Protein chains: 2
Amino acid sequence: MSPEVLANVTRAIDELHYVPNRMARSLANRQTMAIALVVPEETTRFFGDPYFASIVDGIARALRPSDYVLNLQFASPGALSEKTVRYLLGGNVDGALVVSHHSGNHFLASLGHSLPVVFGGRPLHPDEQPSHYVDVDNVAAADMGTRYLIDQGRQRIATITGSADMPAGIDREAGWQRAMERAGLRTDLVARGDFSMASGARCMRSLLDRSPGLDAVFVASDLMATGAVSVLRERGRAIPSDVAVVGFDDSPVAIGGEVELTTVFQPSVEMGEAMAHMLLAMLRGEEPEPVQIMPTRMVVRESA
Amino acid sequence: MSPEVLANVTRAIDELHYVPNRMARSLANRQTMAIALVVPEETTRFFGDPYFASIVDGIARALRPSDYVLNLQFASPGALSEKTVRYLLGGNVDGALVVSHHSGNHFLASLGHSLPVVFGGRPLHPDEQPSHYVDVDNVAAADMGTRYLIDQGRQRIATITGSADMPAGIDREAGWQRAMERAGLRTDLVARGDFSMASGARCMRSLLDRSPGLDAVFVASDLMATGAVSVLRERGRAIPSDVAVVGFDDSPVAIGGEVELTTVFQPSVEMGEAMAHMLLAMLRGEEPEPVQIMPTRMVVRESA
DNA sequence: CTGAAAGCGCTTACAG
DNA sequence: CTGAAAGCGCTTACAG
C-alpha cells in the first residue's frame, strides 16, 4: 500500500467512525479484552471502606490506557454464585482482579489455576498455592505504628483489631503484639473489630470499660479509628494528651473527622495500580514477580 | 429427539461442564448480554457516598437473576473518555445505566438516542430529550423535611444544600425554600455544600458564624448532616434541643454517627433495582413508563 | 510481501 | 418439524 492509500483508508476510518466489533475480534482472537473485578464482599462494606475506593481507583487508572474493560462481579464473601463461576471460567474474561480483605474462599483461592488472577492482599493460606498478589507488610507496619506510641512514652496501649478471618486483621494484630512484647508491655488490651466504623466505637467503649486508664490505642484501620475517636471524646478523654490514637491506611477519613489522625500510610491507590499492572504483564505472557510488597510509613498528625 | 436422548444430552452437557461461548453467541445474536454501569463521578466521591453504594447494590441485586453482566465505566463528571464513548457506541453493551447526581454532560444526555439508557435521577435539562429515569420528588421530599422542623416550632431554620449543578441539589433547596416561604419564614440562611461530609462541616461553621441563634438546619444529605453534627457538638450546641437537624437519604451514616439522624428516607436500593428493571424491560423490547418516581418518608430519630 | 480463504462458536433463516 | 448451510465480523495461517 502506498502512503497515500494508507492515508485515505485512515481518513475513511475516521470519517465513518469505524469501530471494530469486539465480539468478532474476541471470537477470532480467543481474547476477550475484559478483566473481571471480583468483589467478594457485601456491597455495603465494599462501598463503606475507603480502602476499596482507592484500590479500585488505582485499578481503573492503570487500565484506562489499555484496551481492557472492567467487568464487575459482586459476590458474597463466602462463596461465588454459580453465575459468577460460570462467567469467570467460561472464557468471558482474560483475567481477574480480586479485591477483598477476606479469604477462606476455596474457589477463589484456586481460581489462579484456570485464569490469570491477581489478589489484593495475601491469601490466607499461602500453602494453598503460589498466587499473585500485591500487599504491604502488615506485621511490620503495625509494629511501626505501635512502636511510635511506645516511643512517645505510652504505657497502657490497647489495640482494636480488624476481622480475624482477614490477613490484614490477623497480621496487624500480630505486629502490635510483637512491638508490645519487645517493649516488655502487657498485651491484654485487645478488642476485636471488623474494620467498620461502628465496630471501632464499640471496641473503644469496651476497652475503656475494661481499662479506664489506658493511654493509647493502635487501631487497624482509620475507619475504626474514627469510631474510636468519637467515643473517646464522648467519654471526655482528650486526644492525644489523655489517649493517643494511631490508625491505619491514611485514607480520606483520616483527615475528614473531628481529629486529624496520626496513622500508618499504605499506598492503596498504587496497590490497585500495581495489581492491574501485574495482571496486564501476565496477559502479555510475561512472568512478573508474583508477590509485590509495597512500602508503608508513619503519617503524624494530631491524634498521637 | 426422544426423551431419553434429550436426557442423555442434558447429562453430557452437565458432565462436560459445557458453557456456551458468549462471544460467538453475541456475534450471531447481535446481543452482548452486557450492561454498562456508567459512573460520571470522581472515584473518591462515588465511593464516599453511601447513596451510590445503595444504588449499585440495588442494580446488582436486580441483575443477578438475569443473564446480563455489568461493565464498569468510570468517567469524569465533565466528559466521557474517548475509550468509553467508543465502547458504549461500538455495540459492546446492550444498554447503559448512568448513576450520578451530576449532569450537564452533553454526550450522556443524548446517549439515549443511540442506546437504551436509564438514568438515576432526572437529567438536568428535561427539555433536552425524553429520557428514562428513576428518581424521587426531591422538591416535595425536602419540603416535607423542612415542614417537619417548622411543625416542631423551629423559627430560624437554615439549609445546607447539595451541589448547584445536580438536580438533587437544586430541587432539595427549592423544597426547603417552598416550605419556608409558605410558613412565612426567612430564607436567607443558605450554605452551599457539595454532598460531602467535609462540606457539611464547613457549611455548618459558616451558618453558625452568620447566625449563632439558628435553631434548626435542613441538610440535603446524611453525609453532610454528619459533618454538620460534629461541628454543632464542637461548638457546644445540644442536638436537638438547641439545634435540630434533619438529613436526607436515610443511608447507613444516619445511624452510624454520634447522633442518630432524623432524616428524609429515599429508597436508594429500590431505586437501583427499578433502574435495572426498567432497562431490562427496554431490552426485552417493551416500552416501560419512562419516568418512575419513588416515594419518600420521614424517619424520626434523635436529631430532630 | 500480498490477498483470498478458512475458521473462531454460535444462531437463524431456509430448504427438505 | 428437522437438519444442513449460511452468516455474524473479525484474525490468521497459508497459498500465490
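Here are some questions and answers about ring pairs and DNA contacts in this predicted model.

Q: Why is the pair of A:Phe46 and A:Phe74 called edge-to-face?
A: The ring centres of A:Phe46 and A:Phe74 are 5.9 Å apart and the planes stand at 75°. Centres have to lie within 6.5 Å for a pair, and planes over 60 degrees apart count as edge-to-face, so this pair is edge-to-face. Over all chains, the count of aromatic pairs is 13.

Q: What makes A:Phe46 and A:Phe74 a link between distant parts of the chain?
A: A:Phe46 sits in helix H3 (residues 43-48) of chain A, while A:Phe74 sits in strand E2 (residues 69-74) of chain A, 28 residues apart. Both A:Phe46 and A:Phe74 are buried, a word used for under 20% relative accessible area.

Q: Why is the pair of B:Phe46 and B:Phe74 called edge-to-face?
A: For B:Phe46 and B:Phe74 the centres are 5.9 Å apart and the planes are at 75°, so the pair is edge-to-face. Because B:Phe46 belongs to helix H3 (residues 43-48) of chain B and B:Phe74 to strand E2 (residues 69-74) of chain B, the pair ties together parts 28 residues apart in sequence. Both B:Phe46 and B:Phe74 are buried.

Q: Which residues do ring pairs link into a cluster?
A: The cluster holds A:Phe46, A:Phe47, A:Tyr51, A:Phe52 and A:Phe74, together with B:Phe46, B:Phe47, B:Tyr51, B:Phe52 and B:Phe74.

Q: How do you know that A:Arg172 lies over the face of A:Phe248?
A: The distance from A:Arg172 to the ring centre of A:Phe248 is 3.8 Å, and the cut-off is within 6 Å, with a further limit of within 35 degrees of the ring normal. A:Arg172 is listed as lying over the face of that ring. In chain B, B:Arg172 lies over the face of B:Phe248 at 3.7 Å from the ring centre.

Q: What makes the approach of A:Tyr18 to DNA strand D a polar contact?
A: A polar side-chain atom of A:Tyr18 is 3.3 Å from a phosphate oxygen of DNA strand D, and a polar contact needs N or O atoms within 3.5 Å. A polar backbone atom of A:Asn21 lies 3.0 Å from a phosphate oxygen of DNA strand D. For A:Ala24, a polar backbone atom is 3.2 Å from a base nitrogen of DNA strand D.

Q: Which element gives the most to the surface near DNA strand D?
A: That element is H2(A), with 4 residues. By class, this surface has 7 nonpolar, 2 polar and 2 charged residues.

Conventions: Residues are numbered from 1 along each chain as its sequence is written. Chains are lettered from A and ligands numbered from 1 in the order in which they are written. This is a predicted model: local features need pLDDT of at least 70, side-chain atom pairs count only at pLDDT 80 or more; totals for chains, interfaces and linings use all residues. Side-chain values use heavy atoms; hydrogens and water are left out. Rings of Phe, Tyr and Trp (its six-membered ring) pair if their centres lie within 6.5 Å; planes under 30 degrees apart count as stacked, over 60 as edge-to-face and the rest as tilted. Helices (H or I, at least four residues) and strands (E, at least two) are DSSP runs, numbered from the N terminus. Buried means under 20% relative accessible area, exposed over 50%, partly exposed in between (1.4 Å probe, protein chains only). A polar contact is a pair of N or O atoms within 3.5 Å; within protein, one must be able to donate a hydrogen and the other to accept it, and residues adjacent in sequence count only if both atoms are side-chain atoms. Ala, Val, Leu, Ile, Met, Phe, Trp, Tyr, Cys and Pro count as nonpolar, Asp, Glu, Lys and Arg as charged, and the others, Gly among them, as polar.
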